[in-house]
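The sequence and model are shown below.

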Amino acid sequence: MTVSRKSSPSPSTSSSLEEPKIGVYVCHCGSNIAGTVDVAKVAEYASKLPKVAVARHYMYMCSDSGQGLIKEDIDKLGINRVVVASCSPRMHEPTFRKVCESRGLNKYLFEMANIREHCSWAHMHEPEKATVKAMELVRMSVAKARLLEALPQMEVEVKPSVLVIGGGIAGLSAARDIADRGFKVTLAERKPVLGGNLAKLNALFPSSREATEVIEPIIKDILKNENVTVKLNTQVTSCEGFIGNFKVKLSQQPDFVNEKCNQCGKCFNVCPIETPDDMDFALTSRKAIYKVPSYNSGEITSRAVIDSEHCTRCGKCVDACGAFAIDLDAKPRESTVEIGSIIVATGFDSFEPVGLYLYGEHADVVTLAQLSRIVKEDGPTKGDLVNPRTGEKPGSIVFISCVGSREEPDTTGKEEDNATRTYCSRVCCAAMAESANTIREKFPETQVYVLYRDFRTFGKGHEELYRKSRENLVKYIRYTSEKPPKIMQNSDGKDSASRLKVVVWDDLIARELEINADMVVLASAIVPSRGTTQLGQTIGLSRSRDGFFLEAHLKLNPLSSVTDGIFIAGVAQGPKDSCDSAAQGSGAAAKASALIAQGKVPIESSISSVNEDRCGGCGVCEGACIYGAIEMKKLEGEKTKRVAQVVEAVCKGCGTCGAACPSGAITMKHFTDRQLTEMIKAAI
Amino acid sequence: MTDRSVDESEKRKAGFEPKIVAITCNFCTYAGADLAGTSRIQYPTNVRIIRVMCSGRVDPTFVLRALGEGADGVLVAGCHPGDCHFLAGNEKAARRYAIISRMLRQIGLERERVRLEWISASEGEKFAKVIRSMVQDLKRVGPNPYNNGSATGERKTSFQ
């Protein structure tokens, strides 16, 4: 992999030997900053700081006219260092760096003071103190600006391929779009089937099409496309590298059952292991050897697979197999892919609310996801409204919303990260309306009650569906979080009585209601899929407080992660329905494709640099660097002296070597010891 | 301590605003502080944040320098262990912090003055809590003894 220097700083416009002439620009940001901080006072204060040639304040520095101020001062006043005091550099540093470059000023001669997120917004009721703080923050940035150096622009080549992690609707959409664009894509799915959670579901609202009708065409497209390599039963074991040049190790569980399988089904009968069937959201069980769809040359048939996690290797299936198609000694296959970009589309799991509303204790309490399997025509009950655990047909069904979602935030301060789910799972209200309505239409003798806190049918066609469900006599009862419904076993003992009783305070009529229920359906939360934390640590992706992956910016950049070159799509980023997941998959594909299409991408030049004269050859830096980006090398002609040398292509600029060096021989470009100590002095 | 020196020490503590220098990593804590602002979470104005790419960049001498220049408290903050954007820079920061904090106590500086915290990009509220708690602690222990914590001399901070 090559790293090239696209340009070197030209001495005439941006030499560090020149006397610094600093321009300071204090932004009002409308009233976001100016509403608390006296920006005129800050600009005045700045104008008197050493080496500051001009200080201005302006309404919106990021606007065209604001940027124009900077450009004009560079041209006319010879400003050669720029400080903008405004929002976070994480917001507009690239914007203002481009402004500098447009006038021939090296982009590393620019510095930002954060007087919005770190000042005006956090100290709204202390305007005087906030103004003093802003002045000091500007003084700190000016102190650094006096010592800034022009740095050469570095670029790397981008590998023209993408890895998509996750084979649900978001991942499938992404893979298809990237392949259509002409780039190679590897699709890694942890399970032995594609389709994610969508493949398990019944009708999608409002079209009421089977979910499989939506998924199967995309799967077929992908299997036919030469640009796509599908790896099932595959997980990511390690990830190295950076934007344009990721090296990811994949581990594929062996199939155990090969193509000799004639699908006689004898193995299913003899397997002694039973485990909850993920396909039915744990409503039913399956064996450790079980049937899944098989994708061969674009056709979808079926095959047997073995769940390596639960299989005890007892060998009964091997004995029963007449075709000798099972090999329990097959080993996992490791592979490495080198790609330019990664899309994470790892989806969700349905939360099992054990301990809430008798879930787990009583067979008639199920989750909404499980109910959708019951009603599904090729589900465990072939679409008949019957509880597969009991064989009973419910005459009265009570739905309860927000189970495990929208919980009260923990105020004790003792809880572990993400233990409380304070978020709304977004999809359940419309899903309840859909299920409730379908049951009333198909099984009109069944009474249906929906106990809700708020009813959020926000999507296209959702409100109409809700209205239709009311016309079909679904009874909606509002409860509040202070008085949640109570569920108990009916102790009447009569044959005709329902087994469960739900007691709820109806908030709208201010009366307590008792409802006899044969089945209670809990609209339980959607949670990040199992393995999200693990994957996040392997790839280096942060998670938000709710446990889903953290996007770069919720509104302006929801598909990018903080790590350049890694994108997020679908429920991996946060609860949403399949329409939005598919859209995000396509969006992430567009971003990844745009990145790869450039062929080259700029990388930060703020890397480590060694002064060989000062280096004592101790080697502490080599030990400190986790990337192997700094090595001890013997100097030519020297018998014993060795010095540290930086491998520029690999150095990420973290600064650990710089902090470790006892001789002061290492300079971290753009974050030098001197720059940081001057900032510290200026802070006091 | 005589009655008079106790009085003066109390006088110095009363109404003094501690100055905290925070050196925070770009990917986690700096972003967490951004989130605190975006969420309009309010906290005291006493902190001045310096951005570095990784908490592993923090040379222990920066902490010494900050205290020597007169800071009442120094906060070094980065990503949670296991989550470092540069894989393990924060672990190096933790080791350096252990050495420097022991050394500082040996020369008589209170342990409240230097703090190491793990604050992620989504922990805006935690950032604010840490600042509030540090300001409270520092008000209790008083100004930096090297910056008018002693009986004589002007306290060297601007605007006070």
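## A loop residue and its surroundings

In chain A, A:Asn225 sits in the loop that joins helix H8 (211-224) to strand E11 (228-231); helices (H or I, at least four residues) and strands (E, at least two) are DSSP runs, numbered from the N terminus. The model is predicted: local features need pLDDT of at least 70, side-chain atom pairs count only at pLDDT 80 or more, and totals for chains, interfaces and linings use all residues. Residues are numbered from 1 along each chain as its sequence is written, while chains are lettered from A and ligands numbered from 1 in the order in which they are written.

A:Asn225 counts as partly exposed because 17 other C-beta atoms lie within 10 Å. On this scale a residue is buried with 20 or more such atoms within 10 Å of its own C-beta, exposed with 12 or fewer, and partly exposed in between, the C-beta atoms being placed from the backbone. The C-alpha atoms of A:Asn225 and A:Ala179 are 7.1 Å apart, although 46 residues separate the two in sequence.

## The parallel sheet

Strand E11 also belongs to an open, parallel sheet of five strands in chain A, ordered E11-E8-E7-E19-E30; strands pair if DSSP finds at least two bridges between them. E11 and strand E30 (566-568) are the edge strands, each pairing on one side only. From one strand to the next, the twist averages 20°.

Within chain A, strands E7 (residues 161-165) and E8 (residues 184-188) are joined in the parallel sense by five bridges. A:Val162 has A:Val185 in E8(A) as its bridge partner.

## Chain A as a whole

Chain A contains 18 helices and 35 strands. Of its 684 residues, 47% are buried. Its C-alpha atoms fill a box of roughly 95 × 65 × 45 Å along the principal axes.

An automatic or database domain assignment supplies the domain bounds. Chain A is divided into domain 1 (3-153), domain 2 (161-251 + 338-347 + 532-598), domain 3 (266-331), domain 4 (350-526) and domain 5 (608-668). The C-alpha centres of domain 1 and domain 3 of chain A are 63 Å apart.

## Contacts between chains A and B

Between the chains, 44 residues of chain A are in contact with 46 residues of chain B, a contact being two C-beta atoms, placed from the backbone, within 7 Å. H2(B) gives the largest share of the side of chain B that touches chain A, with six residues.

Technical notes:
Axes fitted to C-alpha atoms, helices over the stretch in contact; angles between N-to-C directions.
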